[in-house]
Amino acid sequence: MAGAGSSGRSIGRTTLISHSEEGYLKKTSLRSVTITSNNAAESGVPEQADPHPTLEEKLSAGDVSSDVRSDLEEDDACVQAAASGVVLQHEYHVLFSCSFGVPVLYFRVFDLEGRSLCLEQVWDIVRRNSRMRLQQSPWNTITQQEHPMLGQPFFVLHPCKTEEFMGPVVRAAEAENRKVNYVVTWLSVVGPLVGLELALSYSTLLQPALCPQ
Amino acid sequence: MADDKDVLRDVWFGRIPTCFALYQDEVTEKEAEPFYLLLPRVSYLTLVTDKVKKHFLKAVKPEDVEEMWFEYEGTPLKWHYPIGVLFDLHALNTALPWSITVHFKNFPERDLLHCLSNSVIEAHFMSCIKEADALKHKSQVINDMQKKDHKQLWMGLQNDKFDQFWAMNRKLMEYPTEEGGFRYIPFRIYQTMSDRPFIQKLFRPASPEGHTHTLGDLLKEMYPAAIAHDGDAKKYQVLIQGIEPLLETPLQWLSEHLSHPDNFLHVCILPVPTD
């Protein structure tokens with residue numbers, strides 16, 4: 001079940017991208033999400049003049065391009081835009097951090113004109129998606145970082161606590177002589193925080209992958 | 001050794017003479033004089049350019065001011081790279097001062113990270129230090145430090161206080177005597193000739209048999225084209241902190257002495273300029 005503030009089905013395609021011998025998993029999906037206006041003052045960030053209309057303003061001005069609408073209908077995804085909802089393109093990449101020895105989730109979110117969401121808007125979505133509060137320490141939260149292979153800005157869920165919550169899962173499985181797919185398990189925990197829902201088929205159909213050492 | 005400690009100071013106090021000029025299309029009736037500044041190699045653009053911002057805000061209409069960003073010869077400059085790395089990568093073989101263009105509009109969303117406050121720089125800096133320690137010590141040293149120790153590392157950089165910084169950083173440069181060095185060496189290799197922003201992989205300071213790995217060994221593994229074979233003309237310059245260390249230099253020594261405050265060895269590979 002999608003978290004509060006989002007509605008409609010996710011249209012997604014997962015592809016494996018290979019770049020020399022290192023690759024990454026990539027998934028894009030279109031979803032309708034409710035966006036609140038920029039809360040720059042609340043988050044203690046110095047106010048900047050915002051010259052761009054908010055996504056809400058653009059939608060109410062009828063700015064969603066009609067050919068995208070018809071694509072959605074063709075796919076029979078029937079994305080139901082909520083009253084103040086906006087259709088956004090989400091792009092998720094899973095990369096492996098050799099420094100921390102764990103997978104890392106990179107993501108970015110665009111409106112249909114290709115303009116990316118700012119950090120405050122992403123935090124807003126995450127806050128409403130997460131049932132537990134993300135810790136306030138900057139290392140555990142979502143920050144904007146450079147994608148190590150593409151060199152472009154992405155949002156990243158910092159990996160340094162991954163071992164803390166994955167360790168017990170892996171050890172419990174080993175104790176019960178049960179196989180665990182590390183990436184699917186990890187993604188089922190962190191994915192929903194950023195709006196990435198995994199279909200149950202990921203768990204039932206995939207061969208368990210080797211756990212990282 | 002007394003000499004080695006001097007290297008730490010030379011690295012910390014390295015400066016690049018820079019000339020900032022406002023982007024022509026953003027100039028209004030008020031003339032904007034260029035602004036000259038000595039930039040610390042080991043710091044970050046957005047941390048040391050408050051004076052630049054103040055100076056040019058006088059020449060721009062307030063309604064035209066968005067997030068300030070910098071560009072060199074058409075390339076947006078990534079503030080999250082150390083200043084010395086940006087210079088070595090883009091402008092090393094050009095005449096000083098380094099000429100940087102200042103923008104207040106049309107922030108390049110696809111190229112640059114946003115930097116709306118110093119806490120963003122601090123978070124980035126500490127994140128690099130944490131990653132470096134994950135490689136060097138499996139995060140044991142950084143995790144044993146208290147919050148105030150982490151703060152001291154940041155304040156040392158922010159306020160240009162060598163002693164304050166190194167009082168803490170020396171702990172991150174230690175290793176168990178029986179190990180002979182760090183677990184892995186934190187490094188990034190940059191080149192302008194590739195789409196990929198940098199090369200970063202696991203690499204040990206010594207072989208399993210105990211042979212000390214050198215800068216040459218690192219390059220042989222990560223970027224073999226950078227090493228000229230006997231008889232061939234040198235095609236690439238390999239730069240760390242603006243100098244070309246001998247390829248025979250032990251990697252462990254380079255990591256301890258020529259790293260940036262973020263604890264990473266930043267290596268720039270440039271094609272040899274053809275005059």
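Biologist: Why is the pair B:D88 and B:R41 called a salt bridge?

Modeller: The rule asks for a side-chain nitrogen of Lys or Arg within 4 Å of a carboxyl oxygen of Asp or Glu. The side chains of B:D88 and B:R41 meet at 2.7 Å, N to O, so the pair qualifies under that limit of 4 Å. Side chains of opposite charge can pair when their charged atoms come close. Keep in mind that this is a predicted model, where local features need pLDDT of at least 70, side-chain atom pairs count only at pLDDT 80 or more, and totals for chains, interfaces and linings use all residues. Residues are numbered from 1 along each chain as its sequence is written, chains are lettered from A and ligands numbered from 1 in the order in which they are written, and side-chain values use heavy atoms, leaving out hydrogens and water.

Biologist: How do you know which residues of chain B belong to which domain?

Modeller: The bounds come from an automatic or database domain assignment. For chain B it gives domain 1 (15-103), domain 2 (117-174) and domain 3 (179-275). Taken over C-alpha atoms, the centres of domain 1 and domain 2 of chain B are 27 Å apart.

Biologist: How do you know that domain 1 and domain 2 of chain B are in contact?

Modeller: Contact means heavy atoms within 4.5 Å. Eight residues of domain 1 of chain B meet nine residues of domain 2 of chain B in this way. The buried area is about 710 Å², with carbon and sulfur atoms giving 72%; that is the accessible area (1.4 Å probe) that two parts lose on being put together, summed over both. In domain 1 of chain B, B:Y44, B:L47 and B:W79 lose the most area to domain 2, together 65% of what that side buries.

Biologist: What makes B:R15 and B:D160 a salt bridge?

Modeller: Their side chains meet at 2.9 Å, N to O, so the pair falls within the cut-off. The rule finds one salt bridge across the interface of domain 1 and domain 2 of chain B.

Biologist: And which residues of chain A and chain B form a salt bridge?

Modeller: A:E146 pairs with B:K78, the closest N and O atoms being 2.4 Å apart. Across the interface of chain A and chain B the rule finds one salt bridge. Strand 5 (142-146) and strand 4 (102-111) of chain A each supply at least two residues of the side that touches chain B, and strand 5 gives the most, with three residues.

Biologist: How many residues take part in the contact between chain A and chain B?

Modeller: 29 residues of chain A are in contact with 29 residues of chain B. The two chains bury about 2,500 Å² between them, 55% of it on carbon and sulfur atoms.

Key: Helix = DSSP H or I, 4+ residues; strand = E, 2+ residues; numbered from the N terminus.
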